[in-house]
Each structure stands twice: as C-alpha cells, then as structure tokens.
Amino acid sequence: MTFLDRLRSWEGLLLAVLIAIVVMNVMRSPYYLGVGNIVNLFQLSIEKVILALIMTLIIVNGEIDLSVASIMGLAACVLAFLFQAGVPMPVAIVVALLSGLAAGLFNGFWIAYVGLPSLAVTLAGLIGYRGVARIFVEDRAIGGFPDWFNTLGQQPIVGSLTVSILIFVILFIVIAITLHSSAFGRLVYVIGNNAQAARYSGVRVKLVKMALFAASGTVAALAGILYAARLGSVRGDMATGFELDVITMVLLGGVSIFGGSGTIVGVGLSILVILNIRNGMGLASITGNTQTSVIGALLILSVLAPNITQAVTLKFKGRKT
Amino acid sequence: MSDRGPAHSESSAASGIAPSVPVLAVRNIAKRFGATQALEDVSLELFPGEVHALLGENGAGKSTLIKIITGVHQPDRGEMQIDGKPVVIGGAAEAQRLGVAAIYQEPLLFPDLDVAENIFVSHQDRGEVIRWGKLHRDAEAILAELGVAIDVRSAARGLTFAAQQSVEIAKAISLKVRILIMDEPTASLSAHEVAQLFRLVRELRAKGVAILLVSHRIEEVFEIADKVTVFRDGRLISTRKRADATTRGAIADMVGREMGLLEPRSATTRGEKLLSVAGLGREGKFRDVSFDLHRGEVLGFAGLIGAGRTDIGLALFGIEPATSGTIMLNGKPVVVKTPRQGMDLKIAYVSEDRRQLGLSMPQSISSNITLPILKRYLNRFWLIRGSQERATAEIFRKRLAIRTATVDLAVSKLSGGNQQKVMLSKWLNTKPDVLILDEPTRGIDVGAKAEVHAMIGELAAEGIGIILISSDLPEVLMMSDRVLVMREGRQMAIFDRADANQESVMTAAMGQSLSQAIGGVVA
Amino acid sequence: MNWIQRYVRPEQVRELILLLLIVVAVIFFGTLINNYYSERTFNRIASSVTVIAIMAVGQTLVVLTRNIDLSVGSIAGCTAYFVGTLLANNNDLHPLLAVLIAVGLGAGLGAINGVLVAFARVPSIIVTLGTLAIFRGLLVDLSGAKTVTTDSLPLWLVDLPRLNFVTLGEFDIRALFMIAVAMVIIFQLATSYLKIGRQFYAVGSNPDAAILIGLPMRRVIFIAFVLCGALAGLAGFVTLARFGNITVEAARGMELAVVAAVVVGGVNIFGGSGTVVGALLGAVLIGILEQSLFRLQISEFWRDALLGLLILLAVASDAVILQRLKALWVRGELKRIAAPTPETEPGVPKT
C-alpha cells in the first residue's frame with residue numbers, strides 16, 4: 001500500500017472527521033482556532049500525546065506496552081523521592097530518566113530475549129512498576145519543587161510553545177523519519193509483519209525489540225517528569241490508566257493491533273481528532289467521563305467501520321455477478 | 001513411468017466395480033473472484049470406490065472447486081448433486097451432514113485437545129455431555145481399524161505430521177464419510193509415510209468411499225488414482241482413466257503445450273574447493289556430517305522429511321548453530337553462530353517456507369529484496385535511498401522474469417512461483433558464494449519450476465556453490481553433481497552423479513532396499 | 001515414569017506447583033505472623049478472593065478462546081451500582097431476583113462485547129478497552145455521581161457477608177465464599193464435560209481449524225463473553241454485599257487483578273490451555289500474598305511490586321520450564337508411537 005493509497009483510505013477519513021469537528025467547534029466558539037487555545041489543547045494531554053508517538057513504534061512492531069503509565073509514575077516518584085532526600089534536581093531528573101530506561105530494558109529483556117508475550121510482561125510491569133513507585137512515595141504527595149522545574153511544564157519558550165510541546169514536535173519529526181525513511185523503521189515494519197522471516201534475513205530482531213522497549217521506557221519517564229512539572233507535585237497514583245488513552249490514540253490512527261501496518265501521520269491525525277473532540281465536548285459542557293466513553297466508542301468504531309464496509313462491499317459485489 | 005509396482009493390480013480391481021450412479025456430480029459450475037474467473041463451466045462426476053485425482057498448476061481452479069464442494073464458497077452458476085439429488089452446501093457443517101469431508105495439506109487439529117477429542121470434535125450426534133471413557137474407546141476402535149498405533153489420550157501437540165494425517169483420516173472415517181477430499185495430503189510427508197497414507201486410502205476405497213485427490217506430485221497421482229482430471233485456467237481440460245493417461249500427456253494438458261520432463265542439468269566445470277565441513281553436528285538434530293562443496297557445484301541433499309537436511313542448512317547459515325564439528329570456508333576455519341555471521345561469510349539460505357520464514361507479505365517486492373543488506377541502501381543519515389532500492393529490484397525483475405507490473409507491489413499479491421523468485425532475488429542480491437536452497441520448487445507450478453531449475457544451472461555456471469535440499473527426488477537427481485543422503489540425522493552416503501539413481505538414493509535414505517521398503521511408491 | 005506421563009499433563013504440573021506455592025506461602029507467613037492460622041486470616045483471605053475468583057472464572061472462559069475481556073471491572077461496577085440503587089429504592093425486592101438482575105445485566109453488557117468480537121470481528125483487546133471506558137462512562141453519567149450507602153440497603157444484604165454457609169471446627173465458611181466455590185466447581189465441570197466447554201478450548205487452540213471444520217466459532221466466542229459478563233455481574237453483586245457503600249468508582253481497575261489471577265493460574269494468554277481451578281488457585285495465591293503482606297505491616301506498597309513479579313514469573317515459568325517439560329513429554333510419546341507394531345510397519349501392500 002503506497003502512501004497515497006493510505007491517505008485516500010484511513011488517514012483521509014481521519015482528516016475529514018477532524019475538519020468536521022474543528023468546523024463545529026469554531027461555530028461554537030470563534031476563538032477556537034486561536035493560538036492560545038490550540039496550545040492549551042495540547043498542553044492538557046501533552047504526556048499522553050508524547051507516549052502515543054513511541055507506542056506507535058511498539059505496536060507497528062507487533063508488540064504492546066501496557067506499562068507506560070506506570071513507568072511515568074515510577075519516574076516521577078523517583079524524582080520526588082530523590083528531591084526530598086536533598087539530591088539536586090538536575091541529578092534527580094537524570095536518575096528518573098535512567099529508572100525509566102531500566103524499566104524499559106527489563107521489559108525488553110523478558111520480551112526479546114526470553115520470548116514472553118509483551119501483553120503479559122507489560123501487564124506485570126503495569127502492576128509492578130506502579131508498586132515500586134508507591135514504595136518510594138507511599139501515600140504522600142510530594143511537591144515544593146524549584147520554580148524553574150515547575151515552570152518547565154507551562155512556561156512558553158519559543159513563541160507560545162512550551163518545553164513539552166517542543167519535545168512533542170521534535171519527537172514527532174524524529175519518529176516520523178525513523179519509521180518511514182530509516183533502516184530502523186523498515187526493520188520495525190518487517191518484524192511486525194513477520195518476525196521469523198526477519199530473523200532468517202539476518203535482522204537482529206531481539207536487538208530491535210530491546211531498543212524499542214528501552215526507548216519506550218525512557219520516553220515514558222520523560223513524560224512522567226513533564227507531568228510532575230505540570231502538576232507541581234507527585235503522588236503514587238499519578239497517570240493511572242493513561243495507557244488506555246495512549247493505545248486508543250494509536251489504534252484510532254489506523255495502526256493495526258497485529259503489527260506491521262500504520263503510519264505516524266495517521267497517529268498524528270488521530271491525536272488531533274481526539275484532542276478536538278475532547279475540547280469540543282468540553283465547550284459543550286460534556287463531562288470528562290462521557291468524553292472517555294466517546295473515545296472508547298471511537299476506538300471500537302475505528303476497527304468496526306472498515307470491517308462493516310468490507311462486508312457490505314463483498315455482499316454488493318457478490319450480488320452483481 | 002512404466003513400472004508402477006505391485007500396488008497397481010489392486011487399484012485396477014477396485015475401479016472395475018465402480019457403480020454407475022455418481023455419489024457426487026458437479027454440473028457447469030462457475031465462480032468468479034473480482035477480476036479472476038476462478039472456475040468456468042466445470043462438470044465432474046465422482047463415483048463410490050474410486051480415487052479421482054485433480055492435477056493443475058497453481059491457480060488452475062482445483063482449490064476453488066474443493067472449497068465449493070466443502071461449502072466454503074458458493075458457486076455463481078451451476079449445480080451440485082449428491083446421489084443424483086441437487087444440493088446446496090452452505091457451510092462446513094452441512095458438508096459434513098452430507099458425508100463430505102476434507103483433509104488439507106496442514107492437518108487441522110487442535111494441539112491442546114487429545115487425539116480422541118480431535119477425532120470426534122465436529123460430531124453433532126454425540127450429545128452435549130462428553131463421556132470420556134466411551135470417547136477414548138471409540139477412538140481406539142477407529143484407529144485400530146485403520147491399523148494405526150497412536151495413544152488416543154495424548155495431546156495432538158507434538159504428533160508427527162504423518163500421525164496427524166492419520167488422525168485426520170480417522171476423523172473422516174468416524175464421520176461416515178462418503179466423499180473424501182484430500183488437498184495435497186502428501187506435501188509434507190516422507191516417502192515412507194506416503195506409503196502408509198496410501199495404504200489407508202486404498203482401504204477407504206475398498207469400503208466404497210469416493211476420494212478426490214489433489215496433488216502436485218504427478219508420480220503419486222499415477223500411483224494411486226483411478227481417474228485423472230486436469231485443470232487449467234479455471235477450466236476442466238481432460239478427464240482420463242488412469243490406464244489411458246500418461247504423465248507426459250497430463251503435463252501437456254496442465255501447461256497447455258508439450259513440455260519435456262525434467263532435463264538433466266548440464267554439468268558445469270567444478271572449481272576450487274569452497275566449503276569444507278567435517279564432523280558437523282547439532283545436538284538432537286544431526287551429527288557427523290562431513291562434505292566438501294566446490295565452486296560451480298550443485299550438491300543435492302536427499303532424505304526423508306526430518307532426516308536433518310534442513311537442520312544442516314540452518315547450522316551452516318547460523319540460525320541454529322552447530323554444536324560440534326568444523327566449518328572451513330576457502331580453506332580457513334570459520335565460526336557461524338548467527339545469521340549475520342553467515343551472511344558476512346557470503347553464505348545464503350533460502351528457506352523452504354516462504355510464508356512463515358521467507359517473506360514479509362504485505363511489504364513491497366523491492367523492500368523484501370533489499371532486506372538482508374539494507375545497510376548498503378542507506379545514505380549517511382541512515383535513511384533508505386528508495387530509488388537505489390527500486391533499481392536493484394528492477395534488475396532482478398528482469399533477470400528472473402518476476403511477473404509484476406511494478407516492484408512496489410506487495411509480495412502477497414504475487415503467485416507462489418513469483419514469490420519464490422523474489423526469495424531467490426533477495427539472496428542473490430547478497431552475492432553469496434554458498435547458496436543453500438531449501439525446497440526451492442515446493443508448491444510452485446510446472447512452468448515456474450522449470451525457470452527455477454534453469455536459474456540454478458546459471459548460478460552454478462557463475463561459480464556459486466549450491467546446496468540443493470529437496471524432497472523431490474527426480475529434481476535432486478537431475479540437478480545435482482553429487483547427492484548427499486541423510487537418514488535420521490546421520491549422513492548415509494555421498495553419491496557421484498553416475499552412481500546416484502532412485503534405487504541407490506532411496507536405499508540409503510531408508511536404510512533398506514527400495515522394493516522392500518515401500519512397494520513401489522517412488523516408481 | 002510412564003504412568004506419570006500418561007496421567008499427569010504438563011498443564012496439571014502447573015497447578016500442582018501452584019498448590020505447592022500456596023502451601024509454602026501459608027507455612028512461610030505462619031512462621032512470621034502471630035496467630036496466622038486463625039479463622040480471621042481465613043475469612044479475610046476468603047472474602048478478598050471471592051470477588052476476584054468469580055470474575056477469574058469468567059475471564060478464563062474468554063482467555064481460553066484466545067480473547068481477553070478488560071471490561072469486567074466496569075461491568076462489575078455497573079451491576080454493583082445499579083442493583084444497589086434498585087435495592088435502596090425498593091427494599092422489598094426478592095433477594096433471588098436481585099441476584100438475577102445483577103447476573104442478567106452483566107450478561108447483557110457481556111453480550112455487547114460478544115457481538116462486537118464474535119460477529120463484527122473486532123479484536124477483543126480493542127473492544128474491551130473501549131467498553132471498559134464506555135460502561136464506566138455510562139455509569140458515571142446515568143448515576144449523576146450519587147452513592148449507594150449501606151444504611152439504604154435492605155438488612156438481608158447488609159448481613160449477607162457474615163452469613164455462614166457451614167461451620168467446620170472453628171472455621172466459618174461464608175456463604176459468599178461458597179458462591180465463588182460453586183462457580184468454580186460448576187465451570188470446571190462444564191469445561192471438562194460439556195461439548196460447549198471443550199469448544200472453548202478448541203476455538204482457542206486452533207481458530208483456523210475451528211472455522212474450516214465448521215465449529216460454531218462465533219457462537220462459542222459470543223457465549224464465552226456473555227458468561228464472562230454474567231459472572232462479572234455476579235461479582236458486582238458480591239461487591240455490593242461486601243462493601244455496602246458503592247460509588248461510581250466501584251471495582252475500577254479490577255480487570256488487572258483478574259487477568260493477573262488467570263495468568264498466574266496457568267491459563268495460556270494465547271488460548272487453548274488452562275483450567276478454571278487453576279485460575280482459582282491463582283486468585284488464592286494472590287489473595288494470600290495480599291492479606292499476609294498487609295498483616296506483616298510490610299507496607300501495602302510492596303504488594304503491587306511483588307504481584308507484578310509474580311505474574312512475570314508465572315508467564316516465564318510457563319514459557320521456559322513448561323515448554324521444556326512438554327518437549328520431554330512429547331518425546332516420550334513419540335517413542336511410544338515409534339515402537340514398532342506390526343500394523344505400522346510399512347509392508348508390501350496386500351494384493
């Protein structure tokens with residue numbers, strides 16, 4: 001399937017939906033397309049959105065990482081714990097990132113080198129890393145971070161873009177190039193399609209998987225740190241359940257849960273769709289829980305709709321001959 | 001094919017008593033998929049107590065016909081009759097009720113269920129509650145009737161292929177099958193196991209079951225069939241009694257032109273010694289394998305399935321490294337522990353299983369071809385140079401005559417033969433010195449097969465050392481300069497071309513004389 | 001060795017190991033905790049296991065068919081809340097009817113999952129991730145975030161958790177716990193002796209074969225989801241009885257504990273093997289760890305870290321040890337098959 005074909009199919013549909021939503025929202029609020037609102041739109045879900053980028057690689061590779069939200073929590077808790085123990089903040093940030101890397105490597109080891117299903121390993125991680133995070137902060141809420149750290153999450157740096165949004169933009173470009181133009185990206189697709197064939201072609205499948213989970217852990221830790229900066233305090237249960245939203249963003253973007261297909265453009269569009277729906281519903285004063293229901297329904301529809309279309313076309317064709 | 005062995009007289013006797021009412025009649029069936037007319041105006045009659053073989057290249061329409069008879073597809077036109085009464089078969093359950101059963105190339109067993117459960121799993125009349133004692137007794141009775149010794153309580157996981165086929169046949173018998181369809185049942189069986197399978201087929205035939213057999217192995221078809229029908233391009237070309245049919249004629253019908261049988265490859269001059277293997281072994285797979293391979297030589301690996309031939313290939317390429325012995329390449333000892341190392345040493349292994357181990361089906365021809373040496377297609381930012389990739393693919397498209405409009409097409413859209421050519425291209429592109437071909441012509445049609453054979457000849461002439469692993473004995477004999485024979489993980493013999501014939505190779509492969517072993521399976 | 005190979009399957013080895021682990025854990029905690037072997041400990045563990053075990057039974061059925069149901073927590077939450085509201089507004093509702101409503105509501109929600117997975121062919125992980133959010137969202141919206149309180153509930157329900165089924169020595173076996181035990185027994189028997197039960201295994205073991213030989217694949221998967229929903233509904237009722245106070249957050253996140261119990265219990269996440277009893281053992285082991293760590297005053301925060309490790313070890317032992325064991329088994333069986341018998345020897349065909 002070439003790029004153009006894809007654009008005509010799933011990505012095209014997403015784009016149409018996106019435009020429809022934006023038009024509806026603009027009709028509701030004339031300031032909707034203002035820079036401030038758009039920045040705000042991203043800022044409120046920036047951690048999930050960053051995670052969706054790396055999750056795209058993982059799912060295209062035919063795996064899944066359910067532990068990302070727990071690693072976010074873990075990194076934030078490590079950071080807070082060290083800060084409280086008097087460690088300088090920059091050092092704490094580095095150690096927190098390393099804790100995410102370690103968690104990712106741990107996942108990767110069991111998945112790539114022992115050969116366990118990622119669904120099970122990262123489910124264990126989801127529960128386990130959250131547990132480790134709680135060991136660090138127990139049931140306290142740790143705050144009082146330095147000002148520069150707290151503003152990290154919200155202070156505009158370039159124009160009205162915050163550090164988080166800049167990180168997202170850079171990461172988006174890097175991952176788009178990696179996935180669609182680099183050797184690594186090609187290997188990610190091949191492994192997602194047929195890991196055995198990749199191995200028989202001399203591809204170092206284990207290394208690629210290991211690298212992906214390590215990257216996923218590190219990015220999750222980064223997201224956790226940004227989240228801590230945005231909230232200004234850290235609790236053991238922060239970011240709980242984020243993995244569902246993240247996976248929804250990726251799958252709605254047309255990435256196959258079975259691996260081997262999907263584009264970063266699709267995920268980018270799906271992110272925009274979800275953010276705008278949430279925002280639009282917010283404008284229409286629909287509560288967060290209903291928003292979540294709608295996203296859940298969208299997730300199912302994203303797979304259901306193509307299935308139904310296919311079935312209908314087949315029936316139609318069958319009748320014609 | 002003059003000597004068909006003693007099995008012959010028996011089958012002729014069976015066909016002599018064929019009654020005059022067909023148990024299954026297919027009349028003027030047509031079926032279309034998208035732009036492809038898969039079947040056009042096909043009529044076929046199947047009588048009780050006969051083995052009716054279907055021959056044809058891939059895509060000729062055999063599989064579509066089978067799927068229509070088993071209710072997987074519905075025909076666009078035409079009708080089917082069972083016992084002279086028109087029927088519409090809407091699905092597998094309905095086919096079963098009408099006494100139609102099918103056995104596929106891959107046995108359709110449930111690995112986690114035991115043998116007895118597998119036999120009775122699709123029975124509708126055994127009630128909602130399972131009586132395990134009775135289930136196991138009934139299964140034992142059926143297997144005993146077949147003369148097969150399999151523990152009915154063991155899980156189907158881990159049964160040999162042949163044992164799985166036996167369970168499939170037991171399943172069909174338990175369903176009181178009247179029409180048994182066998183789709184390439186022997187593709188993964190050794191000659192010995194084929195002999196056993198055919199013994200069961202003859203028993204079924206003697207009981208009055210009508211059998212529709214699809215096979216790519218023409219020798220086998222002539223060994224067991226009473227009638228031979230040839231398909232080409234969705235049409236039925238000919239139906240002949242076996243006595244009136246010849247292999248040459250059948251092949252001509254299949255390809256639509258007169259075509260020679262396998263031509264022996266003209267020998268190329270043997271170059272310097274390339275690969276030298278001594279005492280090679282891998283625990284539990286094979287041991288004590290020693291041979292030399294020269295430039296320009298084709299070394300055939302013959303033997304039964306599971307004799308360890310593929311394992312040697314995997315060891316040489318580094319996928320499942322050897323645990324003992326030495327490998328010398330160009331006179332220097334080398335270590336191969338990973339496929340990367342194998343590739344660095346200019347060894348290439350073309351797997352027997354295109355679908356599972358060979359290709360990334362949804363991806364393009366060009367990206368499949370460049371995969372092993374993708375590094376060479378990168379610019380300094382580690383990005384892929386697509387134009388260069390496509391240029392390489394174009395070269396191979398012309399050289400191997402891969403039939404496709406564009407090299408950007410997904411491999412899944414190609415025919416089996418063209419997929420095999422993509423596999424070959426992928427490894428030729430690594431410019432190997434040692435090329436290991438594992439079953440390179442399995443499941444591809446006669447035309448593509450001839451092309452692959454020609455290619456092997458060309459490559460040897462260019463000075464590549466080729467190891468040809470094949471279960472198609474005539475192929476091994478025609479293509480190889482020397483033939484190494486494996487049996488149960490051990491090297492039995494290496495024959496020079498002059499000494500290698502069906503008798504000598506099979507004797508070595510089976511550890512006993514040919515006629516004693518299989519009673520004329522490999523004629 | 002031969003008779004062991006014949007009568008003990010690798011899957012059963014897993015359950016024996018679990019049983020052993022449970023015994024070891026009980027002895028271990030017994031030496032650490034004063035007065036561990038008491039009615040109190042037993043009832044604490046039993047009541048924490050009850051809800052998870054009931055849901056794990058249903059989850060096992062779904063996982064056997066090579067699917068997963070992540071929406072069970074939301075289903076249990078919905079039923080707990082709606083049946084609670086119903087009973088609070090109508091104290092005279094017959095207890096049996098209340099249970100039936102809970103089970104029926106659960107089954108209905110499960111049927112939605114089932115239709116989408118079995119008939120619309122959407123992968124179960126996607127469907128149930130979606131319905132996890134949808135069911136919970138509907139609950140929050142429809143309830144207006146009100147809470148069911150214990151004092152609004154009928155007395156029989158409030159007293160239910162302390163109702164004894166039978167007293168053995170000093171141990172009181174609670175009726176609620178017996179509900180879980182009954183479910184395990186019923187479904188263990190059903191999956192061993194009923195055709196539909198074996199079809200759960202068949203469908204998960206080889207879906208392609210199931211379609212080609214004409215097993216009613218869609219119906220089987222649909223039934224698995226309906227039963228899973230129904231059992232989640234029952235678990236919702238037990239949750240209501242146990243806690244009395246039910247918010248819209250009831251049973252949130254429960255799906256993780258349930259999947260954990262099933263995986264630890266040796267049910268293959270890729271379908272086809274595992275048993276209901278195994279899932280119960282998994283739930284029991286997790287329950288023992290939970291309650292004992294709590295008693296040990298080792299901060300409860302260690303609990304999840306250990307649970308994660310336990311899941312990992314369970315899956316790893318499955319993949320590494322049991323695979324090797326299975327290979328040995330198979331080899332033994334092959335040897336038996338290979339043993340020459342007159343019938344299997346290739347002979348000259350009878351002419």
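**Entry 1. Helices 8 and 11 of chain C**

I looked up how helix 8 of chain C lies against helix 11 of chain C, and the two are roughly antiparallel to each other. The model is a predicted one, in which local features need pLDDT of at least 70, side-chain atom pairs count only at pLDDT 80 or more, and totals for chains, interfaces and linings use all residues. Residues are numbered from 1 along each chain as its sequence is written, while chains are lettered from A and ligands numbered from 1 in the order in which they are written.

The axes of helix 8 (residues 175-193) and helix 11 (residues 217-243) of chain C come within 11 Å and cross at roughly 165°. For the terms: helices (H or I, at least four residues) and strands (E, at least two) are DSSP runs numbered from the N terminus. Axes are lines fitted to C-alpha atoms, for helices over the stretch in contact, with angles from 0 to 180 degrees between N-to-C directions. Angles under 35 degrees count as roughly parallel, over 145 as roughly antiparallel, 65 to 115 as roughly perpendicular, and the rest as oblique.

I noted a left-handed crossing of helix 8 of chain C past helix 11 of chain C; left-handed means that the near helix is turned anticlockwise from the far one by less than a right angle, and right-handed that it is turned clockwise. Helix 8 of chain C contributes C:L176, C:I179 and C:M183 to the contact, and helix 11 of chain C contributes C:L231, C:V238, C:A241 and C:R242. Residues are in contact if their C-beta atoms, placed from the backbone, lie within 7 Å. I counted six nonpolar, no polar and one charged residue in this contact. Here Ala, Val, Leu, Ile, Met, Phe, Trp, Tyr, Cys and Pro are nonpolar, Asp, Glu, Lys and Arg charged, and the others, Gly among them, polar.

**Entry 2. Helices 4 and 11 of chain C**

I then turned to helix 4 (residues 72-89) of chain C, which packs with helix 11 of chain C at an angle of about 50°, the axes being 7 Å apart. That angle makes helix 4 of chain C oblique to helix 11 of chain C. The crossing of these two helices is right-handed. Among the residues that meet are C:V72, C:A76 and C:A80 of helix 4 of chain C, and C:A232, C:A235 and C:G236 of helix 11 of chain C.

**Entry 3. The nonpolar core**

Which residues touch the most other members of the largest nonpolar core? I found A:L79, C:I54, C:M55 and C:I311, in a core of 385 residues. A nonpolar core is a set of buried Ala, Val, Leu, Ile, Met, Phe, Trp, Tyr and Cys residues joined through C-beta atoms within 7 Å. A residue is buried if 20 or more other C-beta atoms lie within 10 Å of its own, exposed if 12 or fewer, and partly exposed in between, with C-beta atoms placed from the backbone. Helix 11 of chain C supplies the largest share of this core, 18 residues. Leaving aside residues up to four places away in sequence, C:M55 touches C:V72, C:A76, C:L231, C:A232, C:A235, C:M254 and C:V258.

**Entry 4. Chain C and C:R198**

Chain C comes to 14 helices and two strands, and 50% of its 351 residues are buried. I placed C:R198 in helix 9 (residues 195-205) of chain C. C:R198 counts as buried because it has 20 C-beta neighbours inside 10 Å. Residues up to four places away in sequence aside, C:R198 touches B:E117 and B:I130.

**Entry 5. Chain A against chain C**

I found 38 residues of chain A and 39 residues of chain C in the contact. Helix 5 of chain A gives the largest share of the chain A side, 15 residues. That side has 24 nonpolar, eleven polar and three charged residues.

**Entry 6. Chain B**

I read 19 helices and 20 strands in chain B, with 51% of its 523 residues buried. Helix 10 (residues 309-317) of chain B has nine of its nine residues buried, so it is largely enclosed by the rest of the structure. B:G318 follows helix 10 of chain B and has a positive phi, near 95°.

I also checked B:K176, whose phi is near 55°, a positive value in a residue other than glycine. B:K176 sits in the loop between helix 6 (161-174) and strand 7 (179-183) of chain B, and counts as exposed with 10 C-beta neighbours inside 10 Å. B:K431, not a glycine, has a positive phi of about 50°.

Note on methods
Contact = placed C-beta atoms within 7 Å.
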